[in-house]
Amino acid sequence: MTHFDLIVIGSGSGNTIVDERFSDWSVALVEKGVGSTGAFGGTCLNVGCIPSKMFVHTADTASAPAHGDRLGVDLRLEGADWPAIRDRIFGRIDPIAVGGERYRAKADNVTLYRGTAHFTGIKTLAVRTAAGTEEISADRVVVAAGSRPSAPPVPGLAEAGYLTSDSVMRLQDLPRRMIIMGTGFVSAELAHVFSALGTDVTVVGRSGLMLRHGDEDVATRFTELAARRWDLRMNRTAKGVERDGGLVRLHLDGQEGLESVEAEEILVATGRVPNSDLIAAEEGGLDLTDDGRISVDATQAASVDGVWALGDVSSPYQLKHVANREAQTVQHNLLHPEAPVRTDHRYVPHAVFSAPMIASVGITEQEAREAKREYVSARQDYAGVAYGWAMEDTTGFAKLLADPATGRLMGAHIIGPEAPTLIQPLIQAMQFDLDARSMAEDQYWIHPAMPELIENALLRLDLR
Ligand SMILES: Cc1cc2nc3c(=O)[nH]c(=O)nc-3n(C[C@H](O)[C@H](O)[C@H](O)COP(=O)(O)OP(=O)(O)OC[C@H]3O[C@@H](n4cnc5c(N)ncnc54)[C@H](O)[C@@H]3O)c2cc1C
Ligand SMILES: NC(=O)c1ccc[n+]([C@@H]2O[C@H](COP(=O)([O-])OP(=O)(O)OC[C@H]3O[C@@H](n4cnc5c(N)ncnc54)[C@H](O)[C@@H]3O)[C@@H](O)[C@H]2O)c1
């Protein structure tokens, strides 16, 4: 058995840990590969954030004609060349993954295993590679094994074959029609991508709202707008799937009884499960949470001394900026065990890169209500600020929640153009404890720029 100072499982956020400060550590990095190409570098780079946003930007460009009309500009989309778009995007990403792997493989102190690792005991792992199985152990282990798409147990789904975010972005051809199961992040983003490029999209959801974990007003607005673009089949239960040659048929049950929808492709976007089972976490003595994540404390330490976990395999937030931050915590705590730091999860923002865009930080109005917290809320429409007039926006808004006594922001939720960018000063205010009135009144806001949306929302808060 080969013994190392450190084993890292996963080359996504885990790959950022080992830098020159670890040059006198012997390190094993184990990576099984993601997506259809078995790529190095994890989900975000290969099958997640990065390619999806490159497709979203392309889809935004293809959607321009839909907005030209209200400005008096006559635009027409002549077509979208799917193979060219796909190859441009992966033509940039694939070399980065290959380069990252090459860089790791040539480091003298790092042994790169291209295979699947699972615990066989405390800080002991078996690694299955093409060459066979090898046992390795280490003084310290970092589990950064991520998560994978999960599919619901709908009869016939597995037999019919389905796409997930791992495969859909590399499709050979743009499908004429696509059914998307699920109404969360992946559904909202990829429905926009495929519909903007020319696919007829049907979205199937169990509840009445898309993005229903977000603020209720934002989710309601998003769902209303989504219904104008996509065939939304909400409040439906999937009863079965059949494949008929090149067609897939999904049988649904809803308030109006049984119905079927048909398409060339079905994309399952019903959440991701942590890869704690793939690594046999329990064999390694690691405690799990009720939903199957590796249990960690605020220093990212797992239940076995010398084992840390980060990112989707342990975090309640399946977000890259959180995985990165947690990786920094682990890196520090490996190097400085005498002075450990903790990950700050107080104000974790997220964005949905769809059309419209959404960004959110802090609590939602329904959470404030359920927690019986005293709050005031204010809403500012894009349509009420100068840049919103320029865009002729009629549907976007920013909504803020604040403590009326202290003026501290409790939550911020924006739906509309550039929401992920606009929200950043509000994240900063929450993190650095800036009260809403000072934020609104004690700085200049460039006129007539889009952040006047935030200024006006802040001024509308009815603070004591
Ligand atoms: C379509 C899509 C879009 C997304 N967009 C965004 C976004 O815009 N913004 C955002 O913040 N987040 C986004 N995310 C989420 C983000 O990608 C993840 O939160 C993030 O990549 C998690 O990083 P990680 O390091 O925990 O896991 P990963 O990057 O998945 O890394 C884990 C690695 O471990 C490997 N592995 C797993 N088990 C084993 C094993 N037993 N042996 C060896 N190797 C193993 C895997 O192959 C993988 O490479 C998106 C996700 C998807 C699917
Ligand atoms: N912009 C971003 O930051 C971004 C983008 C994409 C993905 N992600 C991350 O990836 C994760 C996975 O994305 P996702 O969209 O797959 O998950 P999600 O949790 O956002 O949404 C899952 C959806 O599937 C539905 N669902 C779950 N089980 C179902 C079942 N049995 N039948 C029918 N519907 C079911 C849920 O109700 C929900 O609508 C997200 O949680 C997110 O953290 C982030």
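Tutor: Two strands count as paired if DSSP finds at least two bridges between them. Keep that cut-off in hand. The model is predicted.

Student: What makes β10 and β11 a pair?

Tutor: Seven bridges join β10 to β11 (residues 247-254). The definition asks for at least two, so β10 and β11 are paired. The two strands run antiparallel. In this pair, V241 stands opposite L250 in β11.

Student: What sheet does β11 belong to?

Tutor: An open sheet of three strands, in the order β10-β11-β12, with antiparallel pairing.

Student: What lies between β3 and β4 in their hairpin?

Tutor: Two residues. K123, in the turn, has a positive phi of about 50°.

Student: What is the strand order in the sheet that holds β16?

Tutor: β16-β17-β20-β19-β18, five strands in an open sheet with antiparallel pairing. β16 and β18 (376-381) are at the edges, each with a single partner strand, so each has one side lacking a neighbour in the sheet. The twist averages 10° from one strand to the next.

Student: How do you know that β17 and β20 are partners?

Tutor: Five bridges join β17 (residues 358-362) to β20 (residues 409-415). The definition needs at least two, so they pair. They run antiparallel, and I358 stands opposite I415 in β20.

Student: Which helix packs on this sheet, and which strands does it touch?

Tutor: Helix α7 (residues 216-229) touches β17, β19 (397-402) and β20. Its direction makes about 5° with that of β20.

Student: Which residues come nearest to ligand 2?

Tutor: P152, G182, G184, V186 and Q318, out of 21 residues around ligand 2. α6 (185-197) and β16 (350-352) each supply at least two residues of the shell. α6 gives the largest share, four residues.

Student: What makes up the shell by class?

Tutor: Nine nonpolar, nine polar and three charged residues. Gly counts as polar, so G182 and G184 fall in that class.

Student: What are the bounds of the three domains?

Tutor: The assignment gives domain 1 (2-149 + 273-335), domain 2 (157-270) and domain 3 (356-460). The centres of domain 2 and domain 3, over C-alpha atoms, are 31 Å apart. Their contact takes nine residues from domain 2 and ten residues from domain 3. The domain 2 side has four nonpolar, one polar and four charged residues.

Student: What does UniProt list for residues 348-457?

Tutor: The unreviewed entry lists "domain: Pyridine nucleotide-disulphide oxidoreductase dimerisation" there. In the model, this span is 33% helix and 25% strand, and its end C-alpha atoms lie 21 Å apart.

Technical notes: Residues numbered from 1 in each chain as written. Chains lettered and ligands numbered in written order. Predicted model: local features only at pLDDT ≥ 70, side-chain atom pairs only at ≥ 80, totals over all residues. Near = placed C-beta within 6 Å. Axes fitted to C-alpha atoms, helices over the stretch in contact; angles between N-to-C directions. Contact = placed C-beta atoms within 7 Å. UniProt positions renumbered as here; feature names shortened; annotations may be inferred. Domains from an automatic or database assignment.
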